Amino acid sequence: MAKRDYYEVLGVGKSAGAQEIKSAYRKIAVRDHPDKNPGNKEAEERFKEAAEAYAVLSDGDKRARYDRFGHQGVAGAGGGGFGGFDPTIFADFSDILGDFFGFGGGMGGRRGGNGMTRGADLRYDLTLSFEEAAFGTETTLRIPRLETCGKCDGSGSADGKPPIACSACGGRGQVRFTQGFFTVARTCPQCQGEGRVVSDPCSECRGEGRVEREKSIVVKIPGGVDTGARLRLTGEGEHGRRGGPPGDLYVVLQVRPHKHFRRDGSTVLSRLSISYPQAVLGTGVEVDTLHGKAPLEIPPGTSHGRDFRLRGQGIDRLDGGGRGDHVVTVQVEVPNPRDLGDEERQLLRRLAEIAGHPVRDEKEGVFDRVKKNLFG
Ligand SMILES: [Zn+2]
Ligand SMILES: [Zn+2]
């Protein structure tokens with residue numbers, strides 16, 4: 001089945017701003033949410049479709065790829081792109097609709113007063129070598145994060161009894177006091193606003209329901225990523241509190257520079273130094289590419305700064321659209337006169353003489369030359 005255009009799904013124009021996209025998605029999500037339409041398959045499909053469209057169009061990078069390459073550019077597993085990084089729709093959903101359905105952190109994170117909150121999102125900065133970014137790699141991250149306490153199963157209670165209403169606030173989570181004409185409400189200090197307290201806290205997590213653990217996560221980095229790329233591992237952030245949904249883990253990539261290569265997207269750039277005679281008469285050389293040595297013909301009359309393109313010798317495109325090129329820029333080297341032998345020097349002088357190009361006299365001092373230039 002052909003996929004519908006994401007802009008069409010949300011009913012917005014191609015130039016829609018972030019706010020417009022957000023409110024268009026919100027409207028559909030509120031209308032078609034499965035909780036509101038039990039058993040309605042069509043509503044559920046529309047809801048999922050909108051969530052997927054929103055996940056792409058609300059992300060600057062993904063939107064740019066989608067605009068350029070269509071669905072191909074943002075394809076999930078199997079599509080060549082970010083395989084393994086499932087842009088699961090429900091995480092985005094909880095971000096945007098937290099206040100509607102009781103997900104999300106903060107005030108919106110409470111549901112039925114049982115202290116349920118979504119786990120925090122985590123960020124991990126990962127530095128890759130130039131080659132790792134070009135070819136892709138697999139690495140194991142060690143992420144310290146809050147996980148559901150195994151001893152009390154997240155309840156925070158040692159005896160398994162459910163929490164009881166807080167006596168200080170009567171379960172409201174807020175205490176009120178009168179100050180002059182005003183009644184001021186403040187978060188209850190005894191239950192931290194939850195409205196409930198665990199009477200016999202778990203010894204492992206001290207009633208929090210979560211403990212800090214180091215989790216090893218294997219991450220597959222696709223070839224072609226560059227500095228600034230952000231991979232989201234859905235549900236790999238901190239665990240939620242009291243059974244709340246987990247947060248996400250964002251892996252933010254930084255690519256180390258290479259000794260000889262630079263890159264521009266999927267194109268690898270390098271320089272090649274040749275001598276003046278080689279530039280004039282032409283030569284054949286071998287240049288280093290990411291994929292090994294490659295022969296390069298330098299034709300006679302090659303000027304300084306000329307680019308030579310080695311097709312398909314660059315970096316795989318993230319969207320699966322093949323491999324980029326390697327561009328070699330020629331630099332015609334001017335030798336240091338101190339490095340020249342007598343014969344070379346004599347030949348250069350002879351060459352200048354034949355070509356009628358005046359050059360500096362070897363015996364002439366700096367002062368003589370200046371005088372000559374000024375007074376002829
Ligand atoms: Zn515990
Ligand atoms: Zn309280």
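A disulfide is a pair of cysteine sulfur atoms within 2.5 Å. With that in mind I looked for disulfides, and the structure holds zero of them.

**Ground rules.** I am reading a predicted model, where local features need pLDDT of at least 70, side-chain atom pairs count only at pLDDT 80 or more, and totals for chains, interfaces and linings use all residues. Residues are numbered from 1 along each chain as its sequence is written, chains are lettered from A and ligands numbered from 1 in the order in which they are written, and side-chain values use heavy atoms, with hydrogens and water left out.

**Zinc site.** Which residues hold the zinc ion (ligand 1) as protein donors? I found C149, C152, C202 and C205, each through SG, lying 2.3 Å from the zinc ion. Donors here are N, O and S atoms within 2.8 Å of the metal (3.2 Å for Na, K and Ca); water is not among the atoms, so sites may look incomplete. Strands (E, at least two residues) and helices (H or I, at least four) are DSSP runs, numbered from the N terminus.

I then checked the geometry. For four tetrahedral donors the ideal angle is 109.5 degrees.

**Burial.** Are these cysteines buried or exposed? Buried means under 20% relative accessible area, exposed over 50%, and partly exposed in between (1.4 Å probe, protein chains only). C149 is buried at 0%, C152 at 8% and C202 at 3%. I also looked up C191, which is buried at 3%.

**D248.** I found D248 in the loop between β8 (230–233) and β9 (249–255), buried at 0% relative accessible area. Its side chain makes a polar contact of 3.4 Å with that of R232 (a pair of N or O atoms within 3.5 Å; within protein, one must be able to donate a hydrogen and the other to accept it, and residues adjacent in sequence count only if both atoms are side-chain atoms). The D248 side chain also reaches the backbone nitrogen of G235 at 2.9 Å.

**Helix α3.** At the start of α3, a side-chain oxygen of N40 comes within 3.1 Å of the backbone nitrogen of E42. Among the buried residues of α3 I noted F47, Y54 and L57.
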